[in-house]
Amino acid sequence: MNEFIQQLHSHRSIRKFSDKEISQSDLELILSAAASASSSGNMQSFSVVVTRDRAMKERMYQAHFEQSMLMDAPIFLTFCADFYRMRRWLTLSEAANNFDNYMSFMIASIDAILASQNAALAAESLGMGLCYMGTTLASAGEIGEILELPENVVPVVGFALGHPDEAPDLRKRLPLESLIHYEKYHKYSDEEVLEIYREREVEGMKRYRDNPRLHQMIKDVGAKNLAQVYTQAKYTEESHLKYSEDLIAYLKRQNFF
Ligand SMILES: Cc1cc2nc3c(=O)[nH]c(=O)nc-3n(C[C@H](O)[C@H](O)[C@H](O)COP(=O)(O)O)c2cc1C
C-alpha cells in the first residue's frame, strides 16, 4: 500500500472539532483539489459555498436538523449542482440555452459529488477531518434559500470540516467481495445476503444498544434487528417519500425538471 491508499483506508467521519482554525491557504488547497476532479465535458457544473460566518452557520444548523458538528466545525462546505453560470454564458454567447432538465441536474450532481470527495481527501491529507451531512439534500430547498442560490443551482452534498478533536474507531464496510461483480452482476441467494450483513447486524445492534439515546430510540420504535432500525427509525418510508416530494418540487422551482 502506498501512503495515499493507506490514507483512504483510514478514513473515518469526524463529528467533534478542535478550536484550531483552517488557514485561507489550506482552504484554497482543498478547494483547488476539488476543482481538479473529473468533470462531465470539463464544464465544471458545480459550485462550492463556504460557510464560516457564525450567523450563517446558525441558520444552516437549523436546516441541517441541528446536527452539532456543523456548529462545532470552523467551516461547512456545500457542494451544489450548478448550471446557472454555464447557462448565462450560453445566453451571452447567443448559444442554445440547454441544461435546464433532469439529465443536466444529474450531470451537475455527479460533478459536485466528485469535487466534494476530492476536497474531502485533500483535507484528510492535511490532517483535517470531516463529516458529510445528508441533510444537505433533505433540506435542499431551505439551504438553497439561506445561500441565495439562483435557478439551476441545487445543493447536493455538504460536509463539516475542521481539525479533529476525536479519534473514532474505523467503521467496517460490507465484505469487499459482496460489492464487486466481475463481468456480470451476481444475483445473491438469500443465504448470501444474510451472510453479507451478518457481522453488520451484530456490530450495528451493539452500537445502538451501547448508546442510551439510540437504545431508547430502537425501543420506542420496537425494532428487533438492524434492518428494522434502518426502516423504522432512520430512513422511514414516510420520511423518504416526503424528502422525495420536497426535492422534486425544488428541482422544478430551480428549473431542472
Ligand atoms: C452522503 C452522506 C451523508 C451523510 N450524512 C450524515 C449525517 O447527516 N449525519 C452524520 O452524522 N453522518 C452522516 N454521514 C456519515 C456516515 O454516517 C458515515 O460516513 C458512515 O457511517 C461510515 O462511517 P465513516 O465515515 O466513519 O467510515 C453521511 C455520509 C454520506 C456519504
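Author: The C-alpha centres of domain 1 and domain 2 lie 28 Å apart, where domain 1 covers 3-168 and domain 2 covers 176-237, with bounds that come from an automatic or database domain assignment. This is a predicted model, in which local features need pLDDT of at least 70 and side-chain atom pairs count only at pLDDT 80 or more, while totals for chains, interfaces and linings use all residues. Residues are numbered from 1 along each chain as its sequence is written.

The part to look at closely is the sheet. It is an open sheet of 4 strands in the order E1-E2-E4-E3, and the pairing is antiparallel; strands (E, at least two residues) and helices (H or I, at least four) are DSSP runs numbered from the N terminus, and two strands pair if DSSP finds at least two bridges between them. The edges are taken by strand E1, residues 46-51, and strand E3, residues 129-132, and because each has a single partner strand, one side of each is left without a neighbour in the sheet. On average, neighbouring strands of this sheet are turned by 25° against each other, with direction ignored, the axes being lines fitted to C-alpha atoms.

Now follow strand E2, which spans residues 75-82, and strand E4, which spans residues 153-162: the two run antiparallel and are joined by 8 bridges.

Methods:
Axes fitted to C-alpha atoms, helices over the stretch in contact; angles between N-to-C directions.
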